Every structure is written in C-alpha cells, then in structure tokens.
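I opened the model to look up a few local features. My notes follow.

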Amino acid sequence: MSFVRFVVLAAVFIVLLFISLQNAQPVSLQFFNVATWQAPLVFVILVAFAIGVALGLLASTIQIVRLKRQLAKTRRDNQRADALAVQRAPDTIVLTDSSDARSSRTP
C-alpha cells in the first residue's frame, strides 16, 4: 500500500511541478493603491494557499480549544454529580446465600 501511495504522491508532485513551470510569468498585486508587489504567478498562488491553510488551522484550533474546555467542564460536573449521588445513596449490603442474593439496608 505504501508503494501505491508513493506513486500517487510522485505523480501529483510532477503534475504540480509542470503547472508551476508553465505559470512563471510575473504578476502585479496592488494593495489599495498603497503598495505594489510583483512576483511569479505560481508564488502568488502558493502564498494565497498557505494563508488559507493557516487561517483554516487557526479557526479549527479555536474550535478545538473551546470544545476541550466544554468537555472538561462537563466531566467535572459529572464527577460532582456522581459524588453527590454516592453521598445521598443509602448504604446497601448485599448478602449472598446459596439459594439467592438478598439486599438489606443498614441504618
């Protein structure tokens, strides 16, 4: 399976390499008539992709942190509820007999 994965990744790399070599003409980007930046088209596309990936990771990281905090709070609440239920539950002793199991309460 790793050989197939290697072949697929190599093919994708070669295709992207040829695309980038064919799109090497310079382009100009203007930032609100304040600044102008010239770079090869493939580099501009790569930068835009990298910024998109970074923003996506940032957004998902914020969501993951929020969900982890919520999970920790829920677990704490459940532990408190379990501890309170154990404190309020009556003591029970289970007596086993050869014929059946009986339970009796202790005061």
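I started with Lys73, which is partly exposed because its relative accessibility is 46%. My cut-offs: buried is under 20% relative accessible area, exposed is over 50%, and partly exposed lies in between (1.4 Å probe, protein chains only). I kept in mind that this is a predicted model, where local features need pLDDT of at least 70, side-chain atom pairs count only at pLDDT 80 or more, and totals for chains, interfaces and linings use all residues. Residues are numbered from 1 along each chain as its sequence is written, and side-chain values use heavy atoms, with hydrogens and water left out.

**Salt bridges**

How many salt bridges does the structure hold? I found two. I counted a salt bridge when a side-chain nitrogen of Lys or Arg is within 4 Å of a carboxyl oxygen of Asp or Glu. Side chains of opposite charge can pair when their charged atoms come close.

Lys73 pairs with Asp77, and their closest N and O atoms are 3.2 Å apart. Both sit in helix α2 (residues 41-88), four residues apart, about one turn of the helix. I took helices (H or I, at least four residues) and strands (E, at least two) as DSSP runs, numbered from the N terminus. Asp77 has 34% relative accessibility, so I logged Asp77 as partly exposed.

Asp77 also meets Arg80 in a salt bridge, at 3.8 Å from N to O. Arg80 and Asp77 are three residues apart in helix α2, again about one turn. Through shared partners, the salt bridges join Lys73, Asp77 and Arg80 into one network. Is Arg80 buried or exposed? I noted Arg80 as exposed, because its relative accessibility is 56%.

**Nonpolar patch**

Next I looked for nonpolar surface. A patch of about 860 Å² is made by Phe3, Val4, Phe6, Val7, Val8, Val12, Val15, Leu16 and Ile19. Patch residues have over 30% relative accessible area and no salt bridge; like charges are joined within 9 Å, nonpolar side chains (Val, Leu, Ile, Met, Phe, Trp, Tyr) within 5 Å. Areas come from the Shrake-Rupley method with a 1.4 Å probe; for residues, only the protein chains shown count as cover. I checked Ile19, found in helix α1 (residues 2-22). Ile19 is partly exposed, because its relative accessibility is 42%.

**Loop backbone**

Where is Phe32? I placed Phe32 in the loop between β1 (26-31) and β2 (35-40). Its phi is near 50 degrees, positive in a residue other than glycine. Phe32 is exposed, with 81% relative accessible area.

Asn33 lies in the loop between β1 and β2 too. Its phi is positive, about 55 degrees, though Asn33 is not a glycine. I logged Asn33 as exposed, at 72%.
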